[in-house]
Amino acid sequence: MNNRHNFTMKTTREGLSEVIGRVNAALEPRELPERATYVVSLVIEEILTNIVKYGFDDDGVHDVEVRLTLGSEEISIEFEDSGREFNPLSVPPPPSYESILDMEPGGRGIQLVRTMADSVRYRRLRAKNVLTVSVRNSER
Amino acid sequence: MELKVVDTKPGLTHISLTGKLDVEGEGQIGRHFEQLTSGASKPTVVDMSNVTYLASLGIRLLFTCAKSLAAEGKKMVVVNPQPMVEETLRTSGTAHLIPIARDVQEAFSILGT
């Protein structure tokens, strides 16, 4: 069975949906633990949504590379884009609120990735953002 | 994603969601959900027993509507999320601000209805 899957996403809503579907199709036959499947899907959606919404300064359509590696102990997802320099690890977590009336509804995608994945690493390489996220291939 | 209105009690809104609350799911039901919740301005029960996946867009939808209800003095309660969805709610801080009930009776009790 193929352990490596490479996808190229176009930075559109349709492109995002297409890659999410293709990733889910690659994961399904592997019958991975529920938690691993869930977190991988979440990582893919949150990181790619962020890139589509905020990654580029123009309205053009750009390519984002997604490399999925399905190991026996760990699943690795690498994202590479040529958008503006952005390290998700530098984003502070949303503040904790005592009252829902004070809170701002957005900005939780990166927090979810950082908390639910097992490791997140960022590099800026040859004018590209390269983000590598690892998820343990187990129920935890 | 499917949204159903459950007719249980007058004076409250009871919604049942089924499927994935991801980019696509939020796009399918988001507006309707807002109309039924913040639009109606009543205590709200959101049954998430059959929600299999929750991403930040879905969390944003819950927060936006719950905040709008809170401004009118009304509460939203989420019911019986599946384990991974519950982990997502707790990790995102949602559970701290929107109560989670084990079942509908507990939700009614939290809402005081």
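The model is predicted, and local features need pLDDT of at least 70, side-chain atom pairs count only at pLDDT 80 or more, and totals for chains, interfaces and linings use all residues. Residues are numbered from 1 along each chain as its sequence is written, while chains are lettered from A and ligands numbered from 1 in the order in which they are written.

**Overall build of chain B**

- Chain B has 5 helices and 5 strands, where helices (H or I, at least four residues) and strands (E, at least two) are DSSP runs numbered from the N terminus.
- Read from the N terminus, the elements of chain B follow the order β-β-α-β-α-β-α-α-β-α.
- The radius of gyration of chain B, taken over C-alpha atoms, is 12 Å, close to the 13 Å that the globule rule gives for 113 residues, so chain B is as compact as a globular protein of that length; the rule is 2.2 Å times the number of residues to the power 0.38.
- Along the principal axes, the C-alpha atoms of chain B fill a box of roughly 30 × 25 × 25 Å.
- Of the 113 residues of chain B, 50% count as buried, meaning that 20 or more other C-beta atoms, placed from the backbone, lie within 10 Å of the residue's own.

**The sheet of chain B**

- Chain B holds an open sheet of 5 strands in the order β1-β2-β3-β4-β5, with mixed pairing; two strands pair if DSSP finds at least two bridges between them.
- Strands β1 (2-5) and β5 (100-101) of chain B stand at the edges, each with a single partner strand, so one side of each has no neighbour in the sheet.
- Strands β2 (residues 13-21) and β3 (residues 44-54) of chain B run parallel and are joined by 8 bridges, and H14(B) has V45(B) in β3(B) as its bridge partner.
- Helix α3 (residues 83-91) of chain B packs on the sheet, touching β3, β4 (76-79) and β5 of chain B, and its direction makes about 110 degrees with that of β3(B); axes are lines fitted to C-alpha atoms, for helices over the stretch in contact, and angles run from 0 to 180 degrees between N-to-C directions.

**Where chain A meets chain B**

- In this pair of chains, 24 residues of chain A are in contact with 20 residues of chain B, contact meaning C-beta atoms, placed from the backbone, within 7 Å.
- Helices α1 (13-27), α2 (34-54) and α3 (109-116) of chain A each supply at least two residues of the side of chain A that touches chain B, and the largest share, 8 residues, comes from α2(A).

Methods:
Buried ≥ 20, exposed ≤ 12 C-beta atoms within 10 Å, placed from the backbone. Contact = placed C-beta atoms within 7 Å.
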